[in-house]
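User: I am new to this structure and would like a short tour. Could you begin with the main sheet?

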Amino acid sequence: MDGDVVLKDVALSTLLGPAGHLTGADMPARNRTDWSFLPATSPRAVLRPTTTQEVSSILRYAHGNGVPVTPQGGLTGLVGGARPLDDGIALSLERMVGIEEIDADGMTMTVRAGTPLETIQKAAAEAGLYFPLDLGARGSCAIGGNLSTNAGGNRVIRYGMARDLVLGVEVVLPDGTVLPMLNKMIKNNAGYDLKQLFLGAEGTLGVITRAVLRLYPAPGCTQAVLCTAENYDKVLAVLSTVRRRLGPLLSAFEVMWSDYWTQATQRVPGMRAPVEIGDATHVILIEMQGLDDAIDGARFAQLLEDMMEQGLIADGAVAQSLGDVAAFWATRDAAAEFANPAVIGPHISFDVGLTVARMDEFSIRAKQGLMDALDGHSVYYGHVGDGNLHVVAWVPGADPQPLSEASRIVYDIIGDMGGTISAEHGIGTLKKPYLPLSRSVEEIDTMRRLKAALDPGGIMNPTKIFD
């Protein structure tokens, strides 16, 4: 039966209006997939509610009629988590935007789930506060998606993952039940902390519609340096030193392997290299957020001088302004430009996690494995201070790229080294076959039981994480 007729039978088209109920040729192409490079699907409708009650009505209908629903935020995910099913519903929260409250005394912000991350960051800054979650897709990604995937990003080493930055959520369960869990208190031990079930669940247990976010005082100063290290042992020594000397002021510790640095600074149009890598093997981006520039700036400068004298870093460029800080981060975020045919073109992205001490070992094994099996190239960079490494791999001239073959090589090495196949991107559909490499049979069985309890009809984002 035609999808438009089915939906009209329950008056959803009337409830949502023409801007909220899109079918056929009116469905935007962007809602048919995400940034995973997976082919577009053919959902029966794209529904764009504006209120929690509208979300509830949609799910109540879907639950009663066995229609699969895929929640969508900014569609910036890389693992197929927001890609709808054929003949299912794409539930876009793009119209559920807005900041409802900033509580300066309680240091919280209440937002609607479709609000872009960058909008939240700017609103916090205008209030003299700070929301520390930050990632390259900040201008496009939505906070609901950030929470549903437990996003990590650039400053996890200081502030933690997305789940550490949220105090409460409002969630709609698959049967349409609304859970009003908009807690604003840091200390609240009144029974189970149910919000944790939905943070990182990738929309498989319910739909996050609103959230109470935790804010922090705005940094009094920001210092950054790009420096080079002659080998990975010195990278580890630098990390140990800055952790000890800066303590809670350390806000980011990013590392780019020399192969990544070459691609980012020599091939990405408009990108400049603030520091020459020479014979070094790694470029390190260290960021400190302090309270007072006179005190903490001097502390940072002395730290860099001491590390140079000790031979831990070979060369470096120190940011003289916030513009310089942004330019440093641009080299780290340059991977977003790698899809440009002038840089790399079609490629495969991996987001893995393992112990910090073994990251270089992994890069050597993965690079060799991809080259031997596929004649494939790969570059490495990531949030090393958090144990999170990103890999960009490609076989020159291949279109499509050998996703399954490359994934098996990379994830088998991760499994052998006791790491995780997903540090911050989630599982979605692309990583689903490899979940047993990072989770035990008992853990996966418990996940299935939770899914069955909250979503007995299996309508919420089916085919994601596991079947």
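Analyst: The sheet is open and consists of 7 strands in the order 15-12-14-13-17-18-16, with antiparallel pairing. Strands pair here if DSSP finds at least two bridges between them. Strands are DSSP runs of E with at least two residues, helices are runs of H or I with at least four, and both are numbered from the N terminus.

User: Which strands are at the edges?

Analyst: Strand 15 (315-318) and strand 16 (348-353) are the edge strands, each pairing on one side only. On average, neighbouring strands of this sheet are turned by 15° against each other, with direction ignored. Axes are lines fitted to C-alpha atoms, for helices over the stretch in contact, and angles between N-to-C directions run from 0 to 180 degrees.

User: Before going on, what kind of model is this?

Analyst: It is a predicted model, in which local features need pLDDT of at least 70 and side-chain atom pairs count only at pLDDT 80 or more, while totals for chains, interfaces and linings use all residues. Residues are numbered from 1 along each chain as its sequence is written, and side-chain values use heavy atoms, leaving out hydrogens and water.

User: Back to the sheet: how many bridges join strand 12 to strand 14?

Analyst: There are 9 bridges between strand 12 (residues 221-229) and strand 14 (residues 282-290), which run antiparallel. Leu226 has Leu285 in strand 14 as its bridge partner.

User: And which strands does helix 8 lie across?

Analyst: Helix 8 (residues 232-246) lies across strand 12, strand 13 (250-257) and strand 14, and runs at about 175° to strand 13. Helix 12 (residues 359-374) also packs on the sheet, and the strands touched by helix 12 include strand 16 and strand 17 (377-383). The direction of helix 12 makes about 160° with that of strand 17.

User: What about the largest nonpolar core: which residues have the most contacts inside it?

Analyst: That core has 52 residues, and those with the most contacts inside it are Val238, Val242, Phe253, Ile284, Ile286, Met307 and Phe362. A nonpolar core is a set of buried Ala, Val, Leu, Ile, Met, Phe, Trp, Tyr and Cys residues joined through side-chain atoms within 4.5 Å. A second, separate core of 34 residues includes Ala124, Leu135, Val169 and Leu173.

User: Changing topic, how many salt bridges are there?

Analyst: A search of the whole structure finds 27 salt bridges, each being a side-chain nitrogen of Lys or Arg within 4 Å of a carboxyl oxygen of Asp or Glu. One of them joins Arg48 to Glu94, with the closest N and O atoms 3.3 Å apart.

User: Why does that pair tie together separate parts?

Analyst: Arg48 is in the loop between strand 2 (45-47) and helix 3 (52-65), and Glu94 is in the loop between strand 4 (89-92) and strand 5, so the pair ties together parts 46 residues apart in sequence.

User: Finally, where is the cis peptide bond?

Analyst: The cis peptide bond joins Asp399 and Pro400, with omega about 10°. Pro400 is in the loop between strand 18 (388-394) and helix 13 (403-416).

Note on methods. Contact means heavy atoms within 4.5 Å. Buried means under 20% relative accessible area, exposed over 50%, partly exposed in between (1.4 Å probe, protein chains only).
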